[in-house]
Amino acid sequence: MSFEEKVVIVTGGSNGIGRQVALEYVRENAKVVIADIDEVNGRELVANLNEGGGEAIFCLTDVRKPEDIAKMVAKTLAEFGKLDILINNAGISVWRSPYEMTVDEWDRIIQTNLRGQFLCAREAAKAMRKTGGGKIVNMASTRAFMSEKHSEAYAATKGGSIALTHALAASFAEDHIQVNSISPGWIETEGYEHLTKRDHAQHFSNRVGKPMDIAKACLYLTQEDNEFINGANLTIDGGMTKKMIYKE
């Protein structure tokens with residue numbers, strides 16, 4: 001894989017999965033824009049990446065706000081001259097009983113996780129089509145097709161993300177813009193020390209996932225010559241959603 005001279009936006013790139021994704025693109029010599037509402041961690045990450053010889057900038061971005069998204073893409077073009085890849089990773093969750101969730105909480109999750117992906121993809125595509133195409137990856141979740149209680153808003157956005165992905169792939173095809181999604185399963189972003197053997201054993205792969213597992217998938221889907229995967233959803237969950245688990 002070579003991403004030299006490629007320009008990548010990673011929304012929600014200051015922490016967790018997005019942070020690892022940004023790191024891996026920089027390691028592959030891409031120029032990276034980290035877009036997030038977490039300015040402290042985002043700017044610290046950019047400083048570390050640039051000190052290590054990478055090229056990265058931070059853009060304070062709330063994906064609920066169309067004006068922030070427009071500024072994000074404009075800043076990318078002003079700094080790097082083009083946009084090749086968008087990793088639509090920004091997302092939030094609130095675990096609340098459906099009897100207790102407020103309309104404001106519901107709207108905030110929908111606007112961030114789903115509407116934000118659409119608005120970011122549309123604005124990015126406007127830039128990509130001018131330079132012959134590009135690649136977009138929407139971050140969905142295995143919660144699109146399996147659930148725990150009190151996850152209605154989050155599950156709705158992730159199911160919507162998968163549907164949005166194939167719809168955008170159809171609409172953007174004539175502009176040579178590929179759109180795919182990734183559905184991570186249990187990805188541990190805070191370290192492994194608190195996990196139990198039972199946690200790991202719920203997976204065919206015999207371990208809980210790591211952010212690097214998702215970063216590798218982003219690199220795979222956005223390789224320049226990988227143009228035949230389009231409108232697809234890639235589930236990366238160590239086999240957890242395929243494993244039958246009976247009560248002991």
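Modeller: Seven strands make up an open sheet, ordered 3-2-1-4-5-6-7, with parallel pairing. The edges are strand 3 (55-60) and strand 7 (233-236), and each of these pairs on one side only. Neighbouring strands of the sheet are turned against each other by 20° on average, direction ignored. Some terms: helices (H or I, at least four residues) and strands (E, at least two) are DSSP runs, numbered from the N terminus. Two strands pair if DSSP finds at least two bridges between them. Axes are lines fitted to C-alpha atoms, for helices over the stretch in contact, and angles run from 0 to 180 degrees between N-to-C directions.

A word on the source. This is a predicted model: local features need pLDDT of at least 70, side-chain atom pairs count only at pLDDT 80 or more, and totals for chains, interfaces and linings use all residues. Residues are numbered from 1 along each chain as its sequence is written, and side-chain values use heavy atoms, with hydrogens and water left out.

Now go to strand 1. Strand 1 (residues 7-11) pairs with strand 4 (residues 85-88) in the parallel sense, over three bridges. Val10 has Ile87 of strand 4 as its bridge partner. Further along the sheet, helix 7 (residues 211-221) lies across strand 4, strand 5 (134-139), strand 6 (177-184) and strand 7. Helix 7 runs at about 165° to strand 6.

Next, the packing. A nonpolar core here is a set of buried Ala, Val, Leu, Ile, Met, Phe, Trp, Tyr and Cys residues joined through side-chain atoms within 4.5 Å. Buried means under 20% relative accessible area, exposed over 50%, and partly exposed in between (1.4 Å probe, protein chains only). The largest nonpolar core has 30 residues. Val8, Val21, Tyr25, Val32, Ile34, Ile87 and Ile182 have the most contacts inside it. At least two residues of this core come from each of strand 1, helix 1, strand 2 (31-36), helix 2 (39-51), strand 3, strand 4, strand 5 and helix 7. Take Val21. Leaving aside neighbours within four places in sequence, Val21 is in contact (heavy atoms within 4.5 Å) with Val10, Ile87, Ala215 and Cys218. Another core, of 28 residues, lies apart from the largest one; Ile9, Ile69, Ala90 and Ile177 are among its members. In soluble globular proteins, nonpolar side chains tend to be buried together.

Then the rings. The structure holds two aromatic pairs. Rings of Phe, Tyr and Trp (its six-membered ring) pair if their centres lie within 6.5 Å; planes under 30 degrees apart count as stacked, over 60 as edge-to-face and the rest as tilted. Phe3 and Tyr25 form an edge-to-face pair, 5.3 Å centre to centre with 85° between the planes. Phe3 sits in the segment before strand 1 and Tyr25 in helix 1 (residues 16-27), so the pair ties together parts that are 22 residues apart in sequence. Both Phe3 and Tyr25 are buried. Trp95 and Tyr154 are also edge-to-face, at 5.5 Å centre to centre and 70° between the planes. That pair links distant parts of the chain, 59 residues apart: Trp95 is in the loop between strand 4 and helix 4 (103-128), Tyr154 in helix 5 (residues 152-172). Trp95 is partly exposed, at 43% relative accessibility. Tyr154 is buried, at 16%.

Glu5 is in the segment before strand 1. Its phi is near 75°, a positive value in a residue other than glycine. Glu5 is partly exposed, with a relative accessible area of 43%. Asn206, in the loop between helix 6 (197-201) and helix 7, also has a positive phi, about 65°, although it is not a glycine. Asn206 is exposed, at 56%. Most residues other than glycine have a negative phi. Asn226 lies in the loop between helix 7 and strand 7. Asn226 is buried, with a relative accessible area of 13%. Not counting residues up to four places away in sequence, Asn226 touches Lys135, Gln178, Tyr220 and Leu221.
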